[in-house]
Structure formats: C-alpha cells, structure tokens
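Here is a walk through one structure, taken in steps from a pair of helices to the arrangement of the chains. Keep the view open while reading.

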Amino acid sequence: MLLVILDLGGIFVFALTGALVGVRKDLDVFGVLVLAGATGLGGGFVRDVLIDATPPAALADWRYLMVPAAAGLATALWHPTIGRMERVIGVLDAAGLSLFCVTGALKALEYGLGPLPAALLGLTTAIGGGMIRDLLAGRVPVVFRAELYATPAFVGALIAVIGTELDGTLGAPEPVVVSVAAGTCFVWRLLAMRRGWQAPRPGLRGGGSAST
Amino acid sequence: MLLVILDLGGIFVFALTGALVGVRKDLDVFGVLVLAGATGLGGGFVRDVLIDATPPAALADWRYLMVPAAAGLATALWHPTIGRMERVIGVLDAAGLSLFCVTGALKALEYGLGPLPAALLGLTTAIGGGMIRDLLAGRVPVVFRAELYATPAFVGALIAVIGTELDGTLGAPEPVVVSVAAGTCFVWRLLAMRRGWQAPRPGLRGGGSAST
Amino acid sequence: MLLVILDLGGIFVFALTGALVGVRKDLDVFGVLVLAGATGLGGGFVRDVLIDATPPAALADWRYLMVPAAAGLATALWHPTIGRMERVIGVLDAAGLSLFCVTGALKALEYGLGPLPAALLGLTTAIGGGMIRDLLAGRVPVVFRAELYATPAFVGALIAVIGTELDGTLGAPEPVVVSVAAGTCFVWRLLAMRRGWQAPRPGLRGGGSAST
C-alpha cells in the first residue's frame, strides 16, 4: 500500500516536469498531457517491454493513468504557479528518481535478470521517462548534459541489486537495502543540484576532433 | 475481408503522408520508404508490443509490408502531383484515423485490457505512426500543436470501447458501435480541419513562466 | 564461439561510432556511454522486442553490456585519436553492418517470421542502433541521406534469407550462404563509401512541392 502511494507520487512529480516542458514548448493541452504521461510512465513501459512484463502494469490499473492526466491538467491550468516551484519540484523529482531506480531494478531481478542488467533496467526506469519527454519535445535529453542525475540513479540501483543478492548471506532485511539504496541516490542527487556537480564532458578537453 | 481492405487503405494513406514529409525533408528514397513504413505501421507496432501481440500482425502478412512500400515509391516518383492533393489526402487521413482508433481499441479489448487503457491504445494506434514519422523527420509531433487530431481519435476509441462493453446490456449490434465511433471521429476531424479548430495552448495564456 | 567474437566486435565498432557522436555533441560521460550502448545494442533490442525474444540476448549476457561500455570509455579518454581513425572505423563499421544484417535476419527466421519480414528485421538489426543514436543526438538519421548504407544491408539480409530458405533445395551449406550475403553487403558498402554512391533524393528532382 505504501509502495503504491510512493509509486503514484513519483509518477505525479515526473509527469509535472513533463507537462511543464510541454507548456514551455507551447504545445496544446493534448501535447502537454502526452508529455506528462510519457515522462511519468515511459521509463516503466520501456522496462516492462524489455523484461516481457507486458502489458505494462500502468495499463492494468487505471490509477496509473489518472495520475499523469491529473498532473498534466493541473499544469495546464496553473503552470505559472507550478513553474515557480522549481526548487520543490527538483527535490520531489530526486525522490521519484531514487524510488524508481530501486523499484525498477528489483522488478527486473524478480523477472530473472542478472545483477548488472537489472541495475541498468533500474536506471532505465528512473531516467527513461525524462528521455522520452525530451525526444518528444525536440531536444537532446537533458540527462546527457546537466547536473549529475543518471549516476546517482545507477548507483542506487546497483546497491539495491547487490544488497538483495547478498540478502541470504548477510541477512540484511529488505527494507534496509531499499532505504540505503534510495537514500544514497537521493542525497547524492540533492548535493549535485545544490553544488552544481556535473559529469565530465570529454568533448571539452580540447581534443581537435571535438570541435566538429 | 472488407476490414482488411479498409485497414490496408488506411495504412496506404498514412504512409503517403509519411513519404511526403520525407520528400520535403530532402531524404533519399530509403528515408522516404522508412518514413512511409513508420507512419503506416508504427502505431500498430507500438500497440502490439504493449499488449504483447508480437510479432505484430504487419510482420506476419506480406501485404502489410507491400502497401507502405508502394505508397513510398509512388510518392518518390510522383510527389509533385501527390503533394498537390493535400485536401484529398487530409480527408482520407481522417478516414484512416477514424478506422485505426476504433480497430486499435477493439484489439486491445480483445487482449484483455480494461476500457480506459484500451481507448488509449486505440489513440496510440491512430496517432503513433504520425508521431514516429515526426520524430524521425526531426520535428516536434504536429499532433501536439496543429488542428484537433488526437481528441476526435480518443473520443472515437472511447465510444467504441464503451459501446462494446455495453453490448451485452443494450444489445447494440457491433457494426452500429463501430460506425458511430468511427463516424464521430471522422466528422469531428473534418470539421476541425475546415474550421481550424485547435486545442487550447496553456503556454499562450500569458503566464510568466511560459516564455522560457 | 567465432560468432560471439564477431558479434561483440561488431557491437564494439558500432558503439565507437555512437560514442564519437556523443563527444562531438559535447555530451557528458554518461551521455557518451548511453549513445555507445544504444548504437551498439539498439538494433538488436528492437528486433528482439518485435519478434518477442525478450529479454533481449544482450541483457542475459554481461559481455554484451561490457563491450559498449568499454567502447564508450575508450572514446571518452582517447577521442582525439579515435576520431582521427575515421577510415578504419568506416571499414569496421561496414563489417559490423554486414554481420548484423545477416545474423539479425537469420534470428528472425528462426523465430518463425516469413522471408520478407525476416529480411526487414535483419536490416533493422543492422541500422536500428545508428538510427536511435541519431535520434538521441538530436539529428535526422544519417542513414536517410548519406552514402548508401541501408540498401547493401537489406540486400545482404535478403540473400541470407533466400539462401537459407533454398538450403534444402540447393544444398548450399549455411556458411556459404552467410559468406555470400555478408560479403555482398560489405563490398557494396565499401564501394559506396569510396565512390560516394548515394540513393536518389526525390526532393531534388525539382518538383514544386519539394521546396516546402
């Protein structure tokens, strides 16, 4: 129950970021709703298609469809207010990122994938929706260039996977594993936002070919 | 039999619109063919992958591959003529939209999805190919900004789904449901084209954040 | 065993081309790795999702994930050198193209698809990764406009499919079919690069509508 609420909450925040991009790109209400849905649910859809968990969970439970629709409509109506809450949305988005990288990785493990693929699918769950949002909005995914976003999610997914795999051995109860994994991602992401941490850009190192 | 002919006809018109975009973007023949195929078949592919009806029907029946190829080649050869038939193509495209939103939704119902997800997959079937066309051609999907296109398709799909679900109760024979659903979408889309109806754009309401 | 090595080699070269695009687009290390992975593995992922061979093979074997990661990191570190090896990379990329169009088509045949869809999925395997790379990097797929790339791959896939289907009849041993198919694609692609062969662009034929 708690997990469903957290899940829907994460989808709502992701959908808000998608809807805001849609409003700022001057799309109509339908476009705003599509960006909200794609951002909120897209990562999970890609994961579910790749691990063959189709139809995706979000298509079997109407709440998962209502939540991004609500986020999209709210943004269409009150985007000046919502757009000004960027700091709050950033923090909530970090929480959604932390949640999805862990739950996505654990779902992939459940479906029989190995540790490394499962961690990658956790990452996909967490950042896939935002990448689809950016493609639909006609821009290079911001996760390729902005402050650290993917690395914390991947490390969070890795911790979740390794912790779960060792579970039998070390006897760490699952909630501990999940909390450490999600907490690491969350704190790291918040610090990255606050301090402007970025991943290095190889193209900036002055190599001759990089100017092309 | 009639349904297959209608289906192939819809794919042909969609593929024409894709091929025309390819020619206008100055792609080579191969690019024109890919845009024709993606526009004609893409929506159905996405639906089939999501409801796990793979391999998609179009990969099991060579006619479904020949039709967009024929549309692509015809456009490559005679695009000045075809490009001038924009009004006719617009009407036929509205017919394809009306057909696919209904058949897509009914196929999703058949595969056990609930009414709302089935209607959304009907919408996906109808507009997915055009969205893929636009992504491949490097532009924001026109369905996010132009005259009403998605709303009639979604409402058509909803009518088809609700009518079919109520079928047992009301005893409406299926052809009636299908005709009302597709007819609503078709007339609405034609009116939208004729009168320039558009969905509201939240970003134009003068909110401060919309200018970013 | 030889096939696995060739397969990994092809993925490595494809991933190099993806990573170079990422460096030149000034993405960060994470973006470079994603482009490397998408280019190296994307075509196979799309094929496996469409023929329902999920989870894709690359998610079940960690070597398939390590290879594009290695290519991405190598490019991030030494891109000025790697970027200067364009001729060598072009030849190796042609080899990867030739390999993937054949192996992709044969895998689709194995999963029960007909000859024409199987050839199309061979083409998808060979060029899908590069198309995803270009979409993620914000550009129209180069395969739609540059020197012949898709046509040799499609013909190679067709030869592989037809040769395999006739196998019982003509008794051509499989290695012969594979070699002829891959060799045709390889030589044709090399000649196209060397002589600048391009597919015709319908939009250049001076039709009035092409200027839009």
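In which crossing, left-handed or right-handed, does α4(A) pass α8(A)? The crossing is right-handed. As with everything that follows, this is read from a predicted model.

Helix α4 of chain A covers residues 86–110 and helix α8 of chain A covers residues 174–195. Their axes lie 8 Å apart, and the angle at which the helices pack is about 145°. On the α4(A) side, the contact includes A:Gly90, A:Val91, A:Ala94, A:Leu97 and A:Val102. On the α8(A) side, the residues include A:Val178, A:Ala181, A:Phe186, A:Arg189 and A:Met193.

Just after α4(A) comes A:Gly112, with a positive phi of about 90°.

Now step back to chain A as a whole. Chain A has eight helices and zero strands, and along the sequence the pattern reads α-α-α-α-α-α-α-α. Its radius of gyration is 17 Å, close to the 17 Å that the globule rule gives for 212 residues, so chain A is as compact as a globular protein of that length. Taken along the principal axes, the box filled by the C-alpha atoms of chain A is roughly 55 × 50 × 30 Å.

Some loops hold backbone features worth a look. Most residues other than glycine have a negative phi, and most peptide bonds are trans. A:Asp26 is not a glycine, yet its phi is positive, at about 65°. This residue, A:Asp26, sits in the loop between α1 and α2 of chain A. In chain B, the peptide bond from B:Thr54 to B:Pro55 is cis, with omega near -10°; B:Pro55 belongs to the loop between α2 (29–50) and α3 (62–84) of chain B. In chain C, C:Thr54 and C:Pro55 are joined by a cis peptide bond with omega about -5°, and C:Pro55 is placed in the loop between α2 and α3 of chain C.

The chains also meet one another. How many residues of chain A are in contact with chain B? There are 27, and they are in contact with 29 residues of chain B. On the side of chain A that touches chain B, α1 (2–24), α2 (29–50), α3 (63–84) and α5 (115–136) each supply at least two residues. That side of chain A divides into 17 nonpolar, five polar and five charged residues.

Chain C meets chain A in turn, with 27 residues of chain C in contact with 29 residues of chain A. Here α1 (2–24), α2 (29–50), α3 (62–84) and α5 (115–136) of chain C each give two or more residues to the side that touches chain A. Of the elements on that side, α3(C) gives the most, with seven residues. The residues of the side of chain C that touches chain A divide into 17 nonpolar, five polar and five charged.

Methods: Residues are numbered from 1 along each chain as its sequence is written. Chains are lettered from A and ligands numbered from 1 in the order in which they are written. This is a predicted model: local features need pLDDT of at least 70, side-chain atom pairs count only at pLDDT 80 or more; totals for chains, interfaces and linings use all residues. Two residues are in contact if their C-beta atoms, placed from the backbone, lie within 7 Å. Helices (H or I, at least four residues) and strands (E, at least two) are DSSP runs, numbered from the N terminus. Ala, Val, Leu, Ile, Met, Phe, Trp, Tyr, Cys and Pro count as nonpolar, Asp, Glu, Lys and Arg as charged, and the others, Gly among them, as polar. Axes are lines fitted to C-alpha atoms, for helices over the stretch in contact, and angles run from 0 to 180 degrees between N-to-C directions. A crossing is left-handed if the near helix is turned anticlockwise from the far one by less than a right angle, and right-handed if clockwise. The radius of gyration is taken over C-alpha atoms; the globule rule is 2.2 Å times the number of residues to the power 0.38.
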